[in-house]
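Subject: Structure for you to look at

Hello,

Here is the structure I said I would pass on. Please open it alongside this email and follow the notes below as you turn it.

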Amino acid sequence: MNNYYIYISTDANRRFLQPGMSNDISQIFQQINNPDANCFMSQAVLNRIVYLEQFSSEEEAMRKYQELQQFGRIVRERLIRKQNPNWLSLALPMSHFATNKKAVVYA
């Protein structure tokens, strides 16, 4: 059984709110954390996922995705603030997963 995800990504200034849909949450997080993956959009670097919703069927997810695309900015902002009032990124940085990180101690 696959899960489907609807998300809204934004840039650091919250200027762009781009909805998206995927069935692989790790792929979404990799794209957000990889700056080279965002080069196709010359206007903005979408580096934060600020809204995330999970669905059990593709039909439900597609319906919600199409609904999100038709919403205006104000409605999208309300959805984000309801779930994530501080607009924190829901994607963990990839450095969080790195295990070979060296510690530096300053004396």
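**The sheet**

Three strands form an open sheet in the order S2-S1-S3, and their pairing is antiparallel. Two strands count as paired if DSSP finds at least two bridges between them. Strands (E, at least two residues) and helices (H or I, at least four residues) are DSSP runs, numbered from the N terminus. In general, strands of a sheet pair through backbone hydrogen bonds, either parallel or antiparallel. At the edges are strand S2 (17–22) and strand S3 (48–55), each of which pairs on one side only. From one strand to the next, the twist averages 20°.

Strand S1 covers residues 4–10 and pairs with S2 in the antiparallel sense over six bridges. S1 and S2 form a hairpin with six residues between them.

**Where the model comes from**

This is a predicted model, in which local features need pLDDT of at least 70 and side-chain atom pairs count only at pLDDT 80 or more, while totals for chains, interfaces and linings use all residues. Residues are numbered from 1 along each chain as its sequence is written, and side-chain values use heavy atoms, with hydrogens and water left out.

pLDDT is the predictor's confidence in each residue, from 0 to 100. The protein chain averages 82, and 77% of the residues score at least 70. Over residues 95–99 pLDDT stays under 50, and for these residues the model has one contact (heavy atoms within 4.5 Å) beyond four places in sequence.

**The chain as a whole**

The protein chain has three helices and three strands. Along the sequence they follow the pattern β-β-α-β-α-α. Of the 107 residues, 33% are buried. Here buried means under 20% relative accessible area, exposed means over 50%, and partly exposed lies in between (1.4 Å probe, protein chains only). Among contacts with a separation of 6 or more, 64% are between residues 24 or more positions apart.

**The helices**

Which residues of helix H1 (residues 25–33) are buried? They are Ile28, Phe29 and Ile32. Seen down the axis of H1, these buried residues fall within an arc of 95°, so they line one face of the helix. The arc is that of the directions from the helix axis to the C-beta atoms. An α-helix has 3.6 residues a turn, so residues three or four places apart point the same way. The buried residues of H1 pack against S1, S2 and S3.

Helix H3 (residues 73–83) has Arg76, Glu77, Leu79 and Ile80 as its buried residues. They cover an arc of only 160° around the axis, which puts them on the same side of H3. Ile74, Arg78 and Lys82, on the other side of H3, are exposed. The buried residues of H3 pack against S1, S2, S3 and H2.

Serine 22 is in strand S2. Is serine 22 buried or exposed? Serine 22 counts as buried because its relative accessibility is 11%. Its side chain reaches the backbone nitrogen of aspartate 24 at 3.1 Å. Leaving out residues up to four places away in sequence, serine 22 touches Asn3, Tyr4, Tyr5, Tyr7, Gln27 and Ile28.

Arginine 14 lies in the loop between S1 and S2. Its phi is near 60°, a positive value in a residue other than glycine. With a relative accessible area of 34%, arginine 14 is partly exposed.

Where is tryptophan 87 found? Tryptophan 87 is in the segment after H3. Phi of tryptophan 87 is near 55°, again a positive value in a residue other than glycine. Tryptophan 87 counts as buried, at 4% relative accessibility.

Regards

Notes: Axes fitted to C-alpha atoms, helices over the stretch in contact; angles between N-to-C directions. Polar contact = N/O pair within 3.5 Å; in protein donor to acceptor, adjacent residues only side chain to side chain.
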